[in-house]
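Subject: Structure handover

Hello,

My notes follow below it.

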Amino acid sequence: MATTPTEKYDWEDKERVDVELVEQGGYKDRWTRRLLKIGVEARGIQPVPDHERTDTQYSKIFFLWFAWNVNILTFSAGTLGPVAFGLGLRDTCLTILFFNLLCCAFPAYFCTWGPKLGMRQMIASRYSFGYYGVIIPCIFNLIGMVAFSILNSIIAGQALASVTTNLSWAVGIVIITVISLLVSFCGYNVLNWYEKLSWIPVLITFIIALGVGGKHLSNPPPAEPATASAVLSFASTLAGFAITFSGLSSDFTTYYRSDVSGWKIFTYSYLGLLIPIVTLQCLGAAVVVNVPFVPAWEEGYAGGTDVGGLLEAMLHPTKGFGKFLTVLLSLSVAGNIAATFYSISLNVQIFIPFLVIVPRYVFSIVATAIVIPLSIVGAHRFYDTLLNFLGLIGYWASAYAAIILIEHLLFRKNNPANYDEKLWNMPKRLPTGLAAVGAGLCSVALIVPSIDQVWFVGPFAKTAGDIGFEVAFGVSAVMYVPFRYLEIRIRGHV
């Protein structure tokens, strides 16, 4: 693809900045300079100054989120409505639609902060959680990202293994994870280029699967009337899928021009999240309710443990071409894992601040070394892992989103000028974080009795269903206001 003079200038300017970062970090060497020359991004968590925010290809954020979510894991999350919560197809799809309309708005809004602040998501969070306090949500964010990478690796490995008996789940996991590493290793430019293209064959494959197996989806079996408890519990799981993107949203928008319309970035991001999530989750629900009536699907599904095998069974009527399409589906998660590895590499530098001198791409290798063995170990408990993980991960993300929203809208007056980028690594000039951490801890007291998990059902949840997501958001938002006012009064500044 030819580049315009502006794009060429931007690339060269970015390369110069990366070289400066290398020299400032003290890790200048021939290997690093060679990587920079071929386009590998070195910049880590350092804020991007306004004059270096030059990217005007704003549609890239749409394609990033779209490619991130056009994959088998999104399909799998939709199957949980009928499989885990006993919901019929209509109730499952309505829950998917309305709760994703809400939950996708949070990460889409946080994407608008990148161009205005030039800060990665967890760096911007230091302005409410403080230099040290932000380590707590950063730990939860890291756990969530690693867990998502594990789930994606498992399901992709299953899909690859379903194509041939000569390939095990473990080998499939390694193949997918290494491909993801190569993309995330290179950083911003290569990642965006990959995400802009990778969704096309995957979407075509899902359309073919729908065309081949659609005749089995026309008459869904009748279902028992949905209970409020089942709907809210499934909704909590959906929240764990979508709202957790909040912890890494602006990681991918910090190079955009600061004068871009916030509505433009929000719209691109919101649609990039909402369209694939709602569509594929509803497709997953439609397929799984019909599995008992299609013997070939039931055999591929292997008693509810092999979603990759289920998709291979759907594509099987196309013979050898179906196996090729299944391989494409398995590769669909590479875009998700690669973008997640990218954010993991940034979060590690925030979690352990002195590691800021280490090049960002090194931590992509570390993430790969962690994800591969854990994926292989957990491969045979995919559904249990998916259900428990998505149910839990939404609680902290909901509290986190509430706190940084209140800080931004109430205390920072929705004004980027109230974020002094020079303070990003000055613990004494940033908030103490006690107000944010205190508000989050207060919400725990009500979250626990409100959750409905396999290992624990709280007294509130026994009658209302899992409302931990809603409680976490409400309590954290309410408690943060007086705590933060008190902190500002004592310190004399925000």
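Is Asn414 buried, partly exposed or exposed? Asn414 counts as partly exposed, because its relative accessibility is 44% (buried means under 20% relative accessible area, exposed over 50%, partly exposed in between, with a 1.4 Å probe and protein chains only).

Some ground rules. This is a predicted model: local features need pLDDT of at least 70, side-chain atom pairs count only at pLDDT 80 or more, and totals for chains, interfaces and linings use all residues. Residues are numbered from 1 along each chain as its sequence is written, and side-chain values use heavy atoms, leaving out hydrogens and water.

Confidence
Mean pLDDT (the predictor's confidence in each residue, from 0 to 100) is 86 for the protein. Of its residues, 88% reach 70 or more. Helix H6 (residues 105-111) has the highest mean pLDDT among the elements, at 98. Helix H1 (residues 5-25) has the lowest, at 45. Helices here are DSSP runs (H or I, at least four residues), numbered from the N terminus. Residues 1-19 stay under 50. For that stretch the model has 21 contacts (heavy atoms within 4.5 Å) beyond four places in sequence. Residues 21-27 also stay under 50, with 16 such contacts.

The loop between H19 and H20
Asn414 lies in this loop. Lys413 is there too, with H19 spanning 382-411. Most residues other than glycine have a negative phi. Lys413 has a positive phi of about 55 degrees. Asn414 also has a positive phi of about 55 degrees. Lys413 counts as exposed because its relative accessible area is 58%.

Helix H20
H20 covers residues 434-447, 14 residues in total. From first C-alpha to last it reaches 20 Å. That is close to the expected 20 Å (1.5 Å times one less than the number of residues). Its buried residues are Ala435, Ala436, Gly438, Ala439, Gly440, Ser443 and Ile447.

A buried asparagine
Asn100 sits in helix H5 (residues 89-103). Asn100 counts as buried because its relative accessibility is 0%. Beyond four places in sequence, Asn100 touches Thr95, Ala242, Tyr270, Leu274, Ile277, Val278 and Gln281.

A nonpolar surface patch
Ile136, Ile139, Phe140, Ile143 and Phe351 form a nonpolar patch on the surface. Together they have about 410 Å² of accessible area (Shrake-Rupley method, 1.4 Å probe, only the protein chains shown counting as cover). Patch residues have over 30% relative accessible area and no salt bridge, with nonpolar side chains joined within 5 Å. Helix H10 (residues 135-163) gives the most, with four residues.

Regards

Definitions and conventions. Helix = DSSP H or I, 4+ residues; strand = E, 2+ residues; numbered from the N terminus. Patch = residues over 30% accessible without salt bridge, like charges linked within 9 Å, V, L, I, M, F, W, Y side chains within 5 Å. Salt bridge = Lys/Arg side-chain N within 4 Å of Asp/Glu carboxyl O.
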